[in-house]
Amino acid sequence: MASRPSPGPLLLSPGLLTAALLLTAALLGGWGLLLGSRPLRPDTLLSVLLHPSDAIDSILVWTLRLPRSLCAFVGGVGLAVSGLLLQILTRNPLAGPGLTGVTSGAVTAILLCFVLLPGFSSAYYPLVGLAGGLSAAAATAWIARGGSGKGGPMRLALGGISVALFLGAVTTYLILLSGPQSTSLFFWLSGGFQGGSWPQLLAMTPWVAIGLAGALACLRVITLFTLSEQAAAGMGLNPALWKPVLLLLAVLPVAGVAPVAGHVAFVGLASPHIARLLKPPGPGWLIGLTAALGGTMVVAADLVARTVVLPREIPVSIVAALIGGPVFLHLVRRHRFSSGTEV
Amino acid sequence: MDRTATALRSSRAHHAGSGWLVLAGCLLAVALALPLAVLLGVADIPLSDSLATLGGGGSVMARSILLDFRLPRVATGVLAGINFAVAGLLLQRITRNPLADPSIMGISQGATLAVAVFLLVSVYSHAPGGNTLPELPVAWLPAVGMLGGLGAAGLVHLLALRHDLGPMRITLCGVAIGALLHALAMGIIAGWGSTRIEILLEWLAGSLYARSWDHAAFLAPFTLAGLALLPPILRPLDLLSLDASVAQSFGLSYRRHFTLVLCLACGLASSAVGAVGPIAFVGLLTPHLARHVVGRRRRLLLPVTILLGAVVVTAGDLAGRLIGGADEIPIGVVTALLGVPVLIVLLRKTP
């Protein structure tokens, strides 16, 4: 980022900032437990949380609202970490699960399985999503690199868009083929956490956790990658080995989140950039802040999505797009894309 | 040296001579594709019956299928194909970007969003249960789509041109606005649509299914007006594809002409999106195909693009009908499946 001013002192220490974000997420989540087509009073909520029972209020909180909020948080963390890793890996400010085709690949692969192989257990969907996401990312990378060897941000964006357009056409056709199920498939596809449950939370958390823990474990590698590829190679890092590892780490969370939430746009793109605006002192805190921001953003977006037009709800992707779209436009306008070294 | 000059001259003469051949070839392709698209289909109608129908006779069944279903469908496809192809060519010239296309510049997504909003609002305002689609809105769709497309192009224009962005960033702005509008459209459809999602999905894929004479009648004036406006802008268009400063030194107001051509491309593309949905890649691919066919005979580029636009959509729709059988494959899916490999080749070739 050539035009960025030198990092100034943080207003808050990074740990405090992360804690504040997590607290915000928890407060929003807690507030969300009160809201819905059957609002609860805070004291009722407290007693229900402390003493689960078979009462309607308790079921409402424990089987519907709480797992959903947790799903939204974990999903947001996963998408944000994935976006950050993709941006570092491709040294491209526009990268994210959406624009590199990763999400489309995962979603289309899962849909393909669902429509054409109905006997296939949904327990394997994350694996299917992983395969789809990795292939789509590989295809995008191959297009972006082009004949000359090095592709710019422009080519990555257009490569990702073309892969996404292709997969979008396949998806549309699959939905049309699926007949009576098309409506529910469309809801899943357009992204959101409605119906998020404990089993779903359990299914996606390990994938997100592996992505996050892996990113933190590879901190030294990521630090070197954020400098430049030459610096990384100079420090004895083998890019041919580490690039696929980082790509795998970036796709893992999306593979876990996609079977539950479908296509949630822009979170993976926007969170790392907002985290950078907070000027974390190092890649470790950048990862932490990005994860906390992603989780908080999606919890907030989910809260808006399910309460703003009660008793109906709007998909979380609308809210995410409204936040992320302007961030993207700002990036396109501000960045000078001539240098290939911006992160 | 002398020999080279002679060879050059003879090759030029050769090209000039075969220009008519290229045009004739394209006309032949049109002349083949259109009747085939009318004669072939899932409903098997004997050739003699079909020919009798076209001659004014024929059985009731054949008359109905050919004249009420296939003929308007083909006519709508031809008009939409021309619109998409010409819009793609214009966009590629003014953005100086070989990858420009209504769907990459956000125009298709803007039209989609407007149509989605309009359909859902009309469904809910006309029928409380939202179970029937009232008659009126379908006829209004193309106009609504156009407004949406113009709005999206206006946004791209505002963001890209106001800030003097280069061709790359104009395209990226288009991609960004397209993605944003697409997410909004999807969200709105999923949020409010209930029983009508299938209609919207069919339309979203880009389809000529159930297109009537009304659709063709809506599109025809846009196509004709667009084509009529083309001759006077050909020279400014040549200059626009040069650098802005060069264009200005020829006494051309770069911005005004950029805006004008953008509006024209947008009117063509978004009226087509309104009528048949966002058929992907026709605007991107047809001009490239045309460039390949005409070679150095640049004067033929526009007419060949127009003819090929008609052929590409007609042939793609026919293929989707014949391969898919009763569950026909929407033309938008066919063009995306065929178009992406070509786009990838183009992307990898672009420096």
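Trainee: What percentage of the residues in chain A is buried?

Mentor: This is a predicted model, in which local features need pLDDT of at least 70 and side-chain atom pairs count only at pLDDT 80 or more, while totals for chains, interfaces and linings use all residues. Residues are numbered from 1 along each chain as its sequence is written, chains are lettered from A and ligands numbered from 1 in the order in which they are written, and side-chain values use heavy atoms, with hydrogens and water left out. Buried means under 20% relative accessible area, exposed means over 50%, and partly exposed lies in between (1.4 Å probe, protein chains only). Of the 343 residues in chain A, the buried share is 54%.

Trainee: What percentage of the residues in chain B is buried?

Mentor: The cut-off for a buried residue applies here as well, under 20% relative accessible area. Of the 351 residues in chain B, the buried share is 56%.

Trainee: How many helices and how many strands are there in chain A?

Mentor: Helices (H or I, at least four residues) and strands (E, at least two) are DSSP runs, numbered from the N terminus. Read along the sequence, chain A follows the pattern α-α-α-α-α-α-α-α-α-α-α-α-α-α. The count for chain A is zero strands and 14 helices.

Trainee: How many helices are there in chain B?

Mentor: The pattern of chain B along the sequence is α-α-α-α-α-α-α-α-α-α-α-α-α. Chain B has zero strands, and its number of helices is 13.

Trainee: What radius of gyration does chain A have?

Mentor: The radius of gyration is taken over C-alpha atoms, and the globule rule is 2.2 Å times the number of residues to the power 0.38. Along its principal axes, the C-alpha trace of chain A spans about 65 × 55 × 35 Å. For 343 residues, a compact globule would have a radius of gyration near 20 Å, and chain A agrees with this, having 20 Å.

Trainee: Among contacts in chain A between residues at least 6 apart in sequence, what percentage joins residues at least 24 apart?

Mentor: Contact means heavy atoms within 4.5 Å. In chain B, residues 24 or more positions apart account for 77% of the contacts with a separation of 6 or more. In chain A, among contacts between residues at least 6 apart, the share joining residues at least 24 apart is 75%.

Trainee: At what angle do helix H3 and helix H12 of chain A pack?

Mentor: Axes are lines fitted to C-alpha atoms, for helices over the stretch in contact, and angles run from 0 to 180 degrees between N-to-C directions. Helix H3 (residues 56-90) and helix H12 (residues 267-277) of chain A have their axes 7 Å apart, and they pack at an angle of about 75 degrees. Angles under 35 degrees count as roughly parallel, over 145 as roughly antiparallel, 65 to 115 as roughly perpendicular and the rest as oblique. The angle therefore makes H3(A), relative to H12(A), roughly perpendicular.

Trainee: How do the residues of the contact of H3(A) with H12(A) divide?

Mentor: H3(A) contributes residues including Gly76(A), Leu79(A) and Gln87(A), and H12(A) contributes residues including Val267(A), Pro272(A) and Arg276(A). Ala, Val, Leu, Ile, Met, Phe, Trp, Tyr, Cys and Pro count as nonpolar, Asp, Glu, Lys and Arg as charged, and the others, Gly among them, as polar. The residues of this contact are six nonpolar, six polar and one charged.

Trainee: Is Ser69(A) buried or exposed?

Mentor: Ser69(A) lies in helix H3 of chain A. Leaving aside neighbours within four places in sequence, Ser69(A) is in contact with Gly29(A) and Val299(A). Its relative accessibility is 12%, so Ser69(A) counts as buried.

Trainee: Which residues does Thr108(A) touch, not counting residues up to four places away in sequence?

Mentor: Thr108(A) has its place in helix H4 (residues 102-116) of chain A. At 6% relative accessibility, Thr108(A) counts as buried. The residues that Thr108(A) touches, with that exclusion, are Leu167(A), Val170(A) and Thr171(A).

Trainee: Why is the pair of Phe218(B) and Phe222(B) tilted?

Mentor: Rings of Phe, Tyr and Trp (its six-membered ring) pair if their centres lie within 6.5 Å; planes under 30 degrees apart count as stacked, over 60 as edge-to-face and the rest as tilted. The structure holds two aromatic pairs over all chains; in one of them, the rings of Phe120(A) and Tyr124(A) have centres 5.8 Å apart and planes at 50 degrees, so that pair is tilted. The rings of Phe218(B) and Phe222(B) have their centres 5.0 Å apart, and the pair is tilted because the planes are at 45 degrees.
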